Amino acid sequence: MKHVVIVGGGFAGLNVAKSLGNSKEVRVTLIDKNNFQLFQPLLYQVAMGALNAGEIAYPLRIILSKYKNVTVLKGVVKTVDPRKKTVFTDFGDMQYDYLVLCCGSKHHYFGHNEWEEFAPGLKTIAQAAEIRRRVMEAFENAERTQDLAEKRKLLTFVIVGGGPTGVELAGSIGEMSRFFLSKYYKNIDSTLTRIFIVHSTERILQSFSPELSLKASRALENLGVQVWSCSLVTHIDADGIQVGNERIEAGTVLWAAGVRATSIGKTIGFATDSSGRILVGEDLSVIGSPEVFCGGDQAHFSLPDDNTLPGQASVALQEGDAIGKNILLDISGKSRKPFINRDKGQMATIGKHAAIAERGNVKLSGLPAWMIWLGVHIYYLSGAKHRLFVILQWAWSYFTFGHGARIVNKEWRFYSVVPELAEPTEREELVADPVCHYTRDSVSPNQIVSG
Ligand SMILES: Cc1cc2nc3c(=O)[nH]c(=O)nc-3n(C[C@H](O)[C@H](O)[C@H](O)COP(=O)(O)OP(=O)(O)OC[C@H]3O[C@@H](n4cnc5c(N)ncnc54)[C@H](O)[C@@H]3O)c2cc1C
């Protein structure tokens, strides 16, 4: 039996294991830092206290228990020697016949790792817990203080980055402020809340059509969110952010601006793109190393039009499945098949009844898009119990705007700077989107704030 080692049990790695599961040709070892798969698309709901972490994380060994040939090991893969076909982990070395790298991505602060302390990103359960703590502490402190300026600052939230995660966080804070603050906090005037999305491009949700992106902006504005387009953040500290010559004093700053692939690809010496993604061929094997495959957010798969596949769960799932099938074809002496991604479309939610969904020429917004968003997320969530719990939680919140998991405890402060980020990275020049005809330095604030 050939030994297949999979690094990473996210969407891609898990699907590799499933497609090799119960094959008589291979034995599979899946190694992950965590012993669970995290459903990242719902992580923002944990951060906003709408769901508990346990509802979106599912143990890998339970998911893979029905496959006799698959073993799950919890550990960190440090590097790989492709010539000796050896994986080096924090629990020892391991030989492989085929290696599959599906290590995902991490936050990218464009060389300003010092910003992470003041503006945490959202990628792990610990980060979601920290964001929840900061947001809830801001509300609690605002309830207590008599100082109006301090209250205003505590009730100012800045989200850096206007992609789906930034929009989801801003929309949730907007809803919390409108429906939760006014109901449960007696000393807070919820109209004092200010929420900003600050992003460098001309419009938010850049991967969507301009029409849907505009609808999302309008929905956000209805929740009191101000969208600052073409705005490059130049400094972040404990009291707020700097955008060119303007300052926003804020109690809470969250980072949703950039990701790059985990650094292991570079450590091994594989060819990578500027985002650290490993270059793969049409069969998803690493260029120059046919027995090593790479999928999901860590892979750079070129399309005929010179674009690359986006970092999406649906791409990772399909790539994982295709890698497993290509390994089996290889072992049986047949030719590998080129990977073809089926576009499953994209979605983003802003709040109750407000979402956008796009697939080809089909563009939906409002309630229909929101219903599809709910259905798709429930469908892809692992475990029947989790699905039931999430449906119940959402139904409860929908009818009551209940407080879900919005409790906060100082002892939960277990988040620290992610070690991977602590490594020095080259400081990149922050550049404006070429489509932007103005920057925040060149015009007065009123001309830019949407609406
Ligand atoms: C907040 C958020 C919201 C998102 N929303 C959406 C959405 O709505 N729709 C959508 O399509 N996509 C969404 N995405 C993107 C989607 O989650 C990713 O594209 C997808 O998770 C990629 O899958 P993956 O298997 O490549 O990586 P991941 O799912 O990130 O899995 C990587 C795994 O590798 C493990 N790992 C990493 N390094 C090592 C190592 N050295 N040793 C051992 N294990 C290691 C990690 O622990 C992790 O389990 C979202 C992402 C985030 C962060």
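Trainee: How many residues does helix 9 have, and how far does helix 9 reach from its first C-alpha to its last?

Mentor: Helices here are DSSP runs of H or I, at least four residues, and strands are runs of E, at least two, both numbered from the N terminus. The expected span of a helix is 1.5 Å times one less than its number of residues. Helix 9 (residues 313-331) has 19 residues and reaches 28 Å, close to the 27 Å expected. Just after helix 9, G333 takes a positive phi of about 80 degrees. Keep in mind that this is a predicted model, where local features need pLDDT of at least 70, side-chain atom pairs count only at pLDDT 80 or more, and totals for chains, interfaces and linings use all residues. Residues are numbered from 1 along each chain as its sequence is written, and side-chain values use heavy atoms, with hydrogens and water left out.

Trainee: Which residues come nearest to the ligand?

Mentor: A residue is near a molecule if one of its heavy atoms lies within 4 Å of it. There are 28 residues around the ligand, and A12, D32, V77, D297 and A313 come nearest. Helix 1 (11-20), strand 2 (26-32) and helix 9 each supply at least two residues of that shell.

Trainee: Why does the ligand lie between domain 1 and domain 2?

Mentor: Domain bounds come from an automatic or database domain assignment. Domain 1 (2-33 + 75-107 + 260-331) and domain 2 (113-257 + 352-448) both give residues to the shell, so the ligand lies between them.
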